[in-house]
Amino acid sequence: MAPRFPTRIPHRRSIVAAIDQGTTSTRCMLFDDHGQAIASSHLEHRQIFPRPGWVEHDPMEIWANTRRVMADVLARAEVTGDDIAAVGITNQRETTVVWDKTTGQPVYNAIVWQDTRTSEICADLQAADFEHTGLPVSTYFSGPKIRWILDNVPGARERAETGELIFGTVESWLIWNLTRGEHVTDVTNASRTMLMDLSTGKWDHELAEKLQIPVKMLPKIVSNSQVIGKIKRVNGFNNVPIAGVLGDQQAAAFGQACLEPGEVKNTYGTGNFLLLNTGNEIKRSEHGLISTVAYKLGNEPTTYALEGSIAVTGSLVQWLRDNLGIISTAPDVEKLAESVPDNGGCYIVPAFSGLLAPYWREDARGVICGLTRFHTKAHFARAALEATAYQTREVVEAMNQDTGIPITALKADGGMVGNSLLMQFQADQLGVPVMVPKITETTALGAAYAAGLAVGVYKSMKDIRAMWREQRTYHPHPTEDALFDGWRKAVEKSFDS
Ligand code: ADP
């Protein structure tokens, strides 16, 4: 079998490592000075579902897996830590860890972004108070999750007030462990807490007070591309600078070279996340999108984005596999869906934990509708893929309405882009080309770019744009509006369930 990665080993100290700590797995990838992948290693971690709506990860397992993939990727590439110029880190955003800064022990499992246990906390908050964070009040974000831990873990609030306990999203947790004590977060992750003023990039003390979170437990906010600390003896990595940190969706947008206003990417993973670069201006959405930080490089001005977050897309395919058992692997869904010419009027709205953009309805619940005796599992497969495309279309329409400038192309990445039926259907639904790059691991790539820029392995944003390579473009075919109209009606039903 041909090796997946080229065998050329670049010059010493010109390799950039990226740690991509995602919702389902942790990956470490090495990239050369041309942005080419050299090696990759990844490990899945446990998804813990203690009650309906609750989703947790074990932070210690994530840290152990991170160390293992770091060691493994060096072995696979036959290089040492001394060959690594810098490390970039990217992570599942919003997922919240609170730990003891002396012992390094988390006081509770990580509460994952999908977790909805904070709905009561959120119900007591006023949306208007949080407007300048760019976010709606939602169980999705970190602030309410921190508050839940402080309210529910015995002694946690007192220990947070004395400065014993500290908070971080997953990048912060990993950096603290890798550097043995640097307590930092980056501006993209901080922008997802409901605690950061989007225009200043600083913690808002009044909001922290509203959420009853002691400011002293919050990490220092740094830019996405700067040397922020050095790794201390972790499996072959010693004194290697950590020089790039971004939340996973921002990293994917950076890896997709969405560097100019109007450029947009969509990552098709567990959920879908569209980011539209809006330049140095914060664009406020009137159509259910989030205003967020796209990236900030060192002391340069912040670049902002409008984001459409969709909670359930690829995880609906997992649900067909694990809960219904109608496919045995995720890619099988394509063959099954292809075996029927259309959805036969069947729609699945996967509002498993409510609906995020553009609706923000925590009370919505999943529906499968339009069924007759005629339908088979193949229609379910088709409806699941179509649901991904329709949800994306809703977000793109919201973006077009917010900016008044319709997007002209969509850059796609993530685990589902290998599904040609979905990609073609997406292009048809949007009426614009959908472009898939050669390196679909854009999240890791974006973190590597940010780290490489800070230490000079990559020289400029122009270089980064030049490294984007197309694998395949799906051109749109005309489609009937009736299909999407049917989706809209199905969404209405999810509000009544
Ligand atoms: P994440 O980074 O969110 O963990 P990935 O980008 O690795 O996710 O994508 C994995 C998701 O994509 C899974 O939810 C899986 O069900 C889905 N998936 C993977 N391959 C396919 C495929 N060929 N067709 C449809 N869905 C797929």
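Student: How many cavities of 30 Å³ or more does a search of the whole structure find?

Tutor: Rolling a probe the size of a water molecule over the atoms shows where empty space is left. On a 1 Å grid over the protein atoms alone, a cavity is a set of points where a 1.4 Å probe fits but cannot get out; a pocket is an open set with protein on both sides within 12 Å along at least five of seven lines; lining residues have an atom within 4 Å of a point. Grid points are joined across faces, edges and corners, and a volume is the space filled by probe spheres set on the points. Here the search finds 4 cavities of 30 Å³ or more.
This is a predicted model, in which local features need pLDDT of at least 70 and side-chain atom pairs count only at pLDDT 80 or more, while totals for chains, interfaces and linings use all residues. Residues are numbered from 1 along each chain as its sequence is written, and side-chain values use heavy atoms, with hydrogens and water left out.

Student: Which residues lie nearest the centre of the largest cavity?

Tutor: They are Thr 116, Thr 139, Tyr 140, Ser 353 and Leu 356, out of 13 lining residues. The volume of the largest cavity is about 90 Å³. For composition, Ala, Val, Leu, Ile, Met, Phe, Trp, Tyr, Cys and Pro count as nonpolar, Asp, Glu, Lys and Arg as charged, and the others, Gly among them, as polar. By that scheme the lining has 6 nonpolar, 5 polar and 2 charged residues.

Student: What is the volume of the second largest cavity, and which elements give two or more residues to its lining?

Tutor: The volume is about 50 Å³. Helices (H or I, at least four residues) and strands (E, at least two) are DSSP runs, numbered from the N terminus. The elements in question are α8 (248-255), β16 (272-279) and β17 (290-295). The lining of the second largest cavity divides into 8 nonpolar, 2 polar and 1 charged, with Phe 254, Glu 263 and Tyr 295 among them.

Student: Are Tyr 140 and Phe 141 buried or exposed?

Tutor: Buried means under 20% relative accessible area, exposed over 50%, partly exposed in between (1.4 Å probe, protein chains only). Both residues are buried.

Student: Which residues does the "binding site" annotation cover?

Tutor: UniProt positions are given in the numbering used here, feature names are shortened, and annotations may be inferred rather than shown by experiment. The unreviewed UniProt entry lists Thr 23, Thr 24, Ser 25, Thr 270, Gly 314, Gln 318 and Gly 415. Although spread over 393 residues of sequence, they cluster in space, with a largest C-alpha distance of 14.5 Å. The lining of the largest pocket takes in Thr 23, Thr 24, Ser 25, Thr 270, Gly 314, Gln 318 and Gly 415.

Student: Why does Thr 270 count as buried?

Tutor: Thr 270 counts as buried because its relative accessibility is 19%. Thr 270 is in the loop between β15 (264-268) and β16.
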